[in-house]
Amino acid sequence: MSPYFLLGLLVLLALARPLLYKKVSMTLDHDSGPIFTSLWVLIGLVVAFPWYGDLLMGEVNNLKSNYLLLCLLVLKGGALWFLFYNGQALMRQSLSAAKFVLPTALGFIAIINSVLGEVLEIKEWVAALGLCALGIVFSLRGHLQELGAQGKLLFLKLIVISITTATLDFLIFKETNWYVLLLSTNFLMLVISVCRRVPLEIWQKSLFGRDSMLAGSVFSAGELLKFYLMVSVLPMTVVISAQVAILPVVLILSALLWEERGWKEQLIWGILSVSLLLLLFL
């Protein structure tokens with residue numbers, strides 16, 4: 001199968017994912033996000049085990065003895081739960097704001113990771129700090145400005161959580177691989193949902209609702225396809241660039257479908273974001 005056909009499929013999945021999560025956020029409790037996301041990622045990993053199971057089996061001894069890794073994975077699983085739970089809450093109010101969380105966090109992520117030993121080029125610093133500045137301007141002039149205090153607090157909270165998860169990923173990838181990371185953190189996210197004693201009705205809607213099943217399966221397929229392409233087929237630059245390119249489309253659709261400002265304004269935000277993001281891959 002052509003690698004660029006698979007890349008096109010990844011773009012479609014990346015475009016569908018935020019739209020589906022937005023739809024779910026408007027009809028289901030926020031607890032549903034971590035449930036159906038973790039469940040479908042785990043299902044995807046089970047399906048992929050015949051091809052990638054050696055990544056897990058080769059790390060069994062490391063997982064038994066590396067207590068730092070275990071602690072990092074537990075922290076990442078908890079942070080991931082908060083990310084999806086609060087992400088659904090913000091997405092219900094504004095898909096645009098939810099899509100600007102990571103760009104705003106990138107500047108802080110770059111600073112922290114550089115302290116931890118990551119070496120960045122000038123263009124990468126310009127992109128990360130430029131996106132952070134753009135996110136701050138968006139918080140003052142974009143759709144986030146129309147949200148109440150709760151929505152703005154959610155935006156700030158998600159920035160902090162995104163910084164935390166990115167820093168943990170940087171540390172975890174020094175110790176293990178992507179399959180172990182996805183398997184352990186999504187399992188922990190599901191365990192947290194169980195421990196929260198979420199009502200049975202929410203579990204039923206999360207596990208068997210049409211929208212949640214579709215959103216979770218699209219997310220899972222996108223994650224597995226992304227890692228497959230990056231590890232085995234195409235350069236990481238090409239894969240990430242393709243995912244970045246859909247941002248203007250998502251922002252325009254958020255304006256047309258959910259009246260999140262005008263589509264022309266959203267297009268400008270999207271083009272500015274993509275222009276800065278693509279600096280990372282030139």
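Tutor: pLDDT is the predictor's confidence in each residue, from 0 to 100. This is a predicted model, in which local features need pLDDT of at least 70 and side-chain atom pairs count only at pLDDT 80 or more, while totals for chains, interfaces and linings use all residues. Residues are numbered from 1 along each chain as its sequence is written, and side-chain values use heavy atoms, with hydrogens and water left out.

The mean pLDDT of the protein is 93, and 99% of its residues reach 70 or more. Helices (H or I, at least four residues) and strands (E, at least two) are DSSP runs, numbered from the N terminus. Among the elements, helix α4 (residues 67-93) has the highest mean pLDDT, 97, and helix α12 (residues 236-244) the lowest, 75. The protein has 14 helices and zero strands.

Now the core. Buried means under 20% relative accessible area, exposed over 50%, and partly exposed in between (1.4 Å probe, protein chains only). By that rule, 51% of the 282 residues count as buried. A nonpolar core is a set of buried Ala, Val, Leu, Ile, Met, Phe, Trp, Tyr and Cys residues joined through side-chain atoms within 4.5 Å. In soluble globular proteins, nonpolar side chains tend to be buried together.

The largest nonpolar core has 47 residues, of which Tyr21, Leu45, Leu73, Ile172, Trp178 and Leu229 touch the most other members. At least two residues of this core come from each of α1, α2 (32-57), α4, α8 (149-172), α9 (178-195), α11 (210-233) and α12. Another core, of 25 residues, lies apart from it, and includes Leu158, Ala166, Val244 and Leu276.

Take Leu45 as an example. Contact means heavy atoms within 4.5 Å. Leaving aside residues up to four places away in sequence, Leu45 touches Trp178, Tyr179, Leu182, Leu183 and Leu224. Across the protein, 83% of the contacts between residues at least 6 apart in sequence join residues at least 24 apart.

Helix α1 (residues 3-27) has Tyr21 among its buried residues, along with others including Leu6, Leu10, Leu13 and Val24.
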